[in-house]
Amino acid sequence: MRFAVVRFPGSCDDRDALLACSRFGDARLVEHYERDLGGADCVVIPGGFSYGDYLRAGALAGLSPVMAAVRAHADRGGPVLGICNGFQVLCEAGLLPGALLPNAGLRFVCREVEIEVASTRSAFTACLGQGERLRIPVKHQSGRYWAPSQVLDELERSERVVFRYAPGHNPNGSERDIAGIANERGNVVGLMPHPEHAVDPLLGSADGARLFQCVARLAVAA
Amino acid sequence: MKVRVLIRPKRGLLDPQGQAVERALPALGFEGFRNVRVGRLVELETEHPERVPELCERLLANTLIEDYEILEER
Amino acid sequence: MKVRVLIRPKRGLLDPQGQAVERALPALGFEGFRNVRVGRLVELETEHPERVPELCERLLANTLIEDYEILEER
Amino acid sequence: MKARPRNGAITAAGSPDQLRDRALELGLTNAEFDLICEKLGRRPNELELAIFSLLWSEHCGYKHSRRLLRRFPRASSRLVFGPGENAGAVDVGGGFVAAFKIESHNHPSAIEPFQGAATGVGGILRDVLALGARPIAVLDSLRFGEPDSARSRYLLDGVVRGIAHYGNAVGVPTVGGEIYFDRAYEQNCLVNAMCVGIARREQLVRSAAAGPGNRVLLLGALTGRDGIGGASVLASADLDESDTDKRPSVQIGDPFEEKKLIECCLELVERRLLVALQDLGAAGLSSSAAEMAAKGGVGIDIEVRRVPLREPEMEPFEIMISESQERMLCVVEPARVDEVTAICARHEVRATIVGQVTTTGQLRVFDNGRLVGEIPARLLVDECPTYELRGERPPRSLYPPPRPRLDAPADLRQQLLTLLGSPNLCSRLPVYEQYDWLVGSRTVLRPGEADAAVLLVDPEHDSRRAVAVATDGNGWRVAADPYRGSVEAVLECAANLACVGATPLGLTNCLNFGNPERPWAAWQLEHAVQGLADACRALGIPVVGGNVSLYNESERGPILPSPIVGMLGLVEDAANAPRAGFAREGDAIVLVGP
Ligand SMILES: Nc1ncnc2c1ncn2[C@@H]1O[C@H](COP(=O)(O)OP(=O)(O)O)[C@@H](O)[C@H]1O
């Protein structure tokens, strides 16, 4: 499995994502100005503050050249994982529906939360159990998922809500406790919690490893 | 030419910042202020005012969640 | 009455947002935009428009680092 | 950039008396002004005077503390850099070095808490970066008035949001610190930030300029009129209600620019393209260039018209002393300049040749090729006059007694709950939840989990070598007995490290005190320094550096004398670092100690 981790100016968790991915395959960084993903099988858009999160989280990064390549990869059905700022970038770039608004509490929140696998119909959850709980940290200022209610209904109906915060764990006021969603094909997934920060029990939890294992296993099967 | 773009959260969308301001007001002695909304202001200078709507649509505002209004000045 | 308050970084002070946006625009295909400043917009309704300047001074703007301008509407 | 003949170009403005008045306004004394004239062999011009006033200020020149600081021990086989470099550094084994330093941003934070604290974090990150080390952790030590005052809550809220805003966005985890509340800090809060960095030993860079003909490059943000006169005004004036006069000096932090600067500098260091590297702090280009020149025993010429400006038409003196944030200065061999600027361009970091290294030993300033200032670098940096403190023990306590927290003996359960709920003991979770404490994939023990944070040295190679860090300081104990209170701060910090299984390797400190020209403050300072020094000797650890913040007073009196210490230790195997807290029902509880 070859992972590409996309780095924008201001990305912060790029090295963390690279480190996590390299546990499950080859991983390399792709810069925001590159137009080619170097034959990667899976793209990870990491967390951080791309372009300082100025204007709106993910807005400037969403327009950068590399995103055209990411879009093409997604259109071919290639797996894409947007984590935190990466999720914001995917929404801003129109690869996922909805938007991430400032947390209801108006503050940055960094804590470990529990999330539930709400759908196994995605490239990153196909090998997980429906309803399975994972312990994974969140850390963000704008993580409140929002979409018009028809869109939310449609997401739920088509099993595209991939992760939900477990009851009592919603850190930001997200609609319907949504922590992560997928596109129609299930190959593009965005989530606010940080699976790349949960791949080593020494650093807290290894539950996040499941997502990377899953996408790597699918690649072998394919 | 100078252009100002006013961007605000769409009606109906929760605006916690506006709410926080509204809630803080009475304690500071400001009664009778309603419907406080907090948004963004972008000012810029350009020779291409005709491109500003596109700039708003593509970057300055996220039209799913925000409305914008363009004010031109001399 | 509806009131709009435009709040922007004082001239002379660094405006990190405005600068970052201005520097990013050409690469995103927007040439010819200068002096981009990013500030805040506050909209509210009130029967006491005469108190809005005081409100700006005390709460809405940080007058150490921001200027404000009040636009009234009907 | 050719030097014209000196005579004629540099002329002092106005009459000798006017110039002297100017010097006094800028905070220099009569004797200092005379010394400047004597050493220069002429009267300085206004630009030179501005530079002197800043480099010979308390903030940059350590006039009242320099002699005292010599008492700190330095001897250690682990010491790599002691005081004198931008940050201290110790060898942590495995080919790695940990760089660390603590610094105050008290006065800027008391005026504008959000930006003051944010730029405080930005500044300390650049001190560690200047060694070529990757910043891996921030700790914050904070002091405010009682939380029942609206001003204290406003300061606390702004400071914490400011630290979060900056630290989170640059991708450096904030992993520890402390907060205390006391009335003595009501007007003058303390905001001390510590940064820890990690570098491969062979990758460290120094700040000493070398190689005449080498280019001097300015990296990072545009230069504006930030903090013109700020170092002297903001860092050493007593604060009072009329803070408004100091308004124009507020500086805005840009963590995005800093993040780019960090990644860019680290790549330049890794590729060994830099002869020397230095951050721009107080007094901006003047102090950075003068320090680089003085340390290297060389001269530096600066052409102010090459400095990229945020505001047009800045005066040469403004450009030289501007404190605009997010800038670094480096020395590069001419043949390497293109490579350096190409890397900077890739990181979207501005890089401009603003001068070059010379053999003159002088800091020379040119305005479009015209020589407008010339001062021996050593004179600015090493020959600032220092003063002996005249300490005197105060006859009685200077501080109103602390507010009682417990009523007369009530039932124990109630007392315990009162204590646990008191502002100085209650949980800090609402604060540290606003900080990203895990970015970097190094944080083994996080805030709230133990008495010290534990961070992996080299997560990329799966080694479990780690460093432990903590900060401590207790103003009341130091007020009661400056010597013992300071000893206790060091011992408590060492105990914090011991609780996570770490061996202490070195200490950094920030001396937050009142006006040293008052005998009682001088007395506090002297005894506190002696206490820190003796405690470090007893533990066998060096003091690797620090910072001094004096004149922390308001109309309502001085702050509690507050030396803050930050200690770094080594944990050979992070997997063995114990956390605090009772783990299992039925485990025995043992009290260890005398
Ligand atoms: N309290 C202290 N203890 C030990 N060293 C100190 C202390 N205060 C300052 N120093 C040292 O004095 C030198 C100058 O400090 P400073 O002017 O703050 O450096 P910089 O300009 O890099 O911020 C530094 O090497 C610093 O470590």
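Residues are numbered from 1 along each chain as its sequence is written, and chains are lettered from A and ligands numbered from 1 in the order of writing. In this predicted model, local features need pLDDT of at least 70, side-chain atom pairs count only at pLDDT 80 or more, totals for chains, interfaces and linings use all residues, and side-chain values use heavy atoms, with hydrogens and water left out.

**Chains B and C**

Five pairs of chains are in contact, and chains B and C share the most contacts. Contact here means heavy atoms within 4.5 Å. Chains B and D do not touch; 12 Å separates their nearest C-alpha atoms.

Chains B and C also build an open sheet of six strands. Its order is S3(B)-S1(B)-S2(B)-S2(C)-S1(C)-S3(C), and the pairing is antiparallel. Strands (E, at least two residues) and helices (H or I, at least four residues) are DSSP runs, numbered from the N terminus. Two strands pair if DSSP finds at least two bridges between them. From one strand to the next, the twist averages 25°.

Strand S2 (residues 33–46) of chain B meets strand S2 (residues 33–46) of chain C through 11 bridges, and the two run antiparallel. B:Val42 has C:Val38 in S2(C) as its bridge partner.

Helix H2 (residues 52–60) of chain B lies across S1 (2–9), S2 and S3 of chain B, together with S2 of chain C. The helix runs at about 150° to S3(B). Axes are lines fitted to C-alpha atoms, for helices over the stretch in contact, and angles run from 0 to 180 degrees between N-to-C directions.

**A sheet in chain D**

Chain D has an open sheet of seven strands with mixed pairing, in the order S8-S10-S7-S11-S9-S12-S13. Strand S8 (276–279) and strand S13 (370–376) each have a single partner strand, so one side of each is left without a neighbour in the sheet. Neighbouring strands are turned by 25° against each other on average, direction ignored. Five bridges join S7 (residues 215–220) to S11 (residues 351–358), which run antiparallel. D:Leu219 stands opposite D:Ala351 in S11(D).

**The ligand shell**

The shell around the ligand holds 17 residues; D:Tyr62, D:Gly84, D:Asn509, D:Gly546 and D:Asn547 come nearest. A residue is near if one of its heavy atoms lies within 4 Å. S18(D) gives the largest share, five residues. Strands S3 (96–104), S17 (503–512) and S18 (543–549) of chain D each supply at least two.

Polar contacts are pairs of N or O atoms within 3.5 Å:

| Residue | Protein atom | Ligand atom | Distance |
|---|---|---|---|
| D:Gly84 | polar backbone atom | oxygen | 2.6 Å |
| D:Asn547 | backbone N or O atom | nitrogen | 2.9 Å |
| D:Asn86 | polar side-chain atom | oxygen | 3.3 Å |

The protein covers 83% of the 550 Å² of accessible area that the ligand has on its own, by the Shrake-Rupley method with a 1.4 Å probe.

How values were computed:
Polar contact = N/O pair within 3.5 Å; in protein donor to acceptor, adjacent residues only side chain to side chain.
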